[in-house]
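Trainee: I have a model open in the viewer. Please show me how to read it, feature by feature.

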Amino acid sequence: MTDSLKKEYLILPTSTSSIYIEFLGQNPVMAMTTWKHTHIKAEAPTKTEVIHEISTMIKESP
């Protein structure tokens with residue numbers, strides 16, 4: 001398997017389930033997840049910032 005075919009995920013446990021964040025690209029970092037049947041996508045310069053953006057969007061969702 002080549003590096004271009006590898007997928008990177010981050011799993012964050014919550015009280016009811018887990019959040020699976022899939023990293024889609026680099027430079028800038030792009031990531032997406034699904035939360036309560038809503039697709040959330042974010043883009044930022046670093047992984048830390050994109051994770052923060054996604055977590056903020058989840059917290060602000062109804």
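The dialogue below goes from confidence to sheet, helix and side chains.

Trainee: What is the average pLDDT of the protein?

Mentor: pLDDT is the predictor's confidence in each residue, from 0 to 100. This is a predicted model: local features need pLDDT of at least 70, side-chain atom pairs count only at pLDDT 80 or more, and totals for chains, interfaces and linings use all residues. Residues are numbered from 1 along each chain as its sequence is written, and side-chain values use heavy atoms, without hydrogens or water. The protein averages 85, and 92% of the residues score at least 70. Confidence is lowest in strand 1, at a mean of 84, and highest in strand 4, at 93. Where pLDDT is low, the predicted coordinates should not be read in detail.

Trainee: What order do the strands of the sheet take?

Mentor: Helices (H or I, at least four residues) and strands (E, at least two) are DSSP runs, numbered from the N terminus. Two strands pair if DSSP finds at least two bridges between them. Here an open sheet of four strands has the order 1-2-3-4, with antiparallel pairing. Strand 1 (8-13) and strand 4 are at the edges; each has a single partner strand, so one side of each lacks a neighbour in the sheet. The twist averages 25° from one strand to the next. Axes are lines fitted to C-alpha atoms, for helices over the stretch in contact; angles run from 0 to 180 degrees between N-to-C directions.

Trainee: How many bridges join strand 3 to strand 4?

Mentor: Strands of a sheet pair through backbone hydrogen bonds, either parallel or antiparallel. Seven bridges join strand 3 (residues 29-35) to strand 4 (residues 38-44). W35 has T38 in strand 4 as its bridge partner. Two residues lie between the strands of this hairpin, and K36 takes a positive phi near 50°. Strand 1 and strand 2 (residues 18-25) are antiparallel too, over six bridges. There, L10 stands opposite I21 in strand 2.

Trainee: Where does helix 1 lie?

Mentor: Helix 1 (residues 47-60) lies across strand 1, strand 2, strand 3 and strand 4. To strand 4 the helix runs at about 145°.

Trainee: Is E22 buried or exposed?

Mentor: Buried means under 20% relative accessible area, exposed over 50%, partly exposed in between (1.4 Å probe, protein chains only). E22, in strand 2, is buried at 16%. Contact means heavy atoms within 4.5 Å. Leaving aside neighbours within four places in sequence, E22 is in contact with K7, E8, Y9, M30, A31 and M32.
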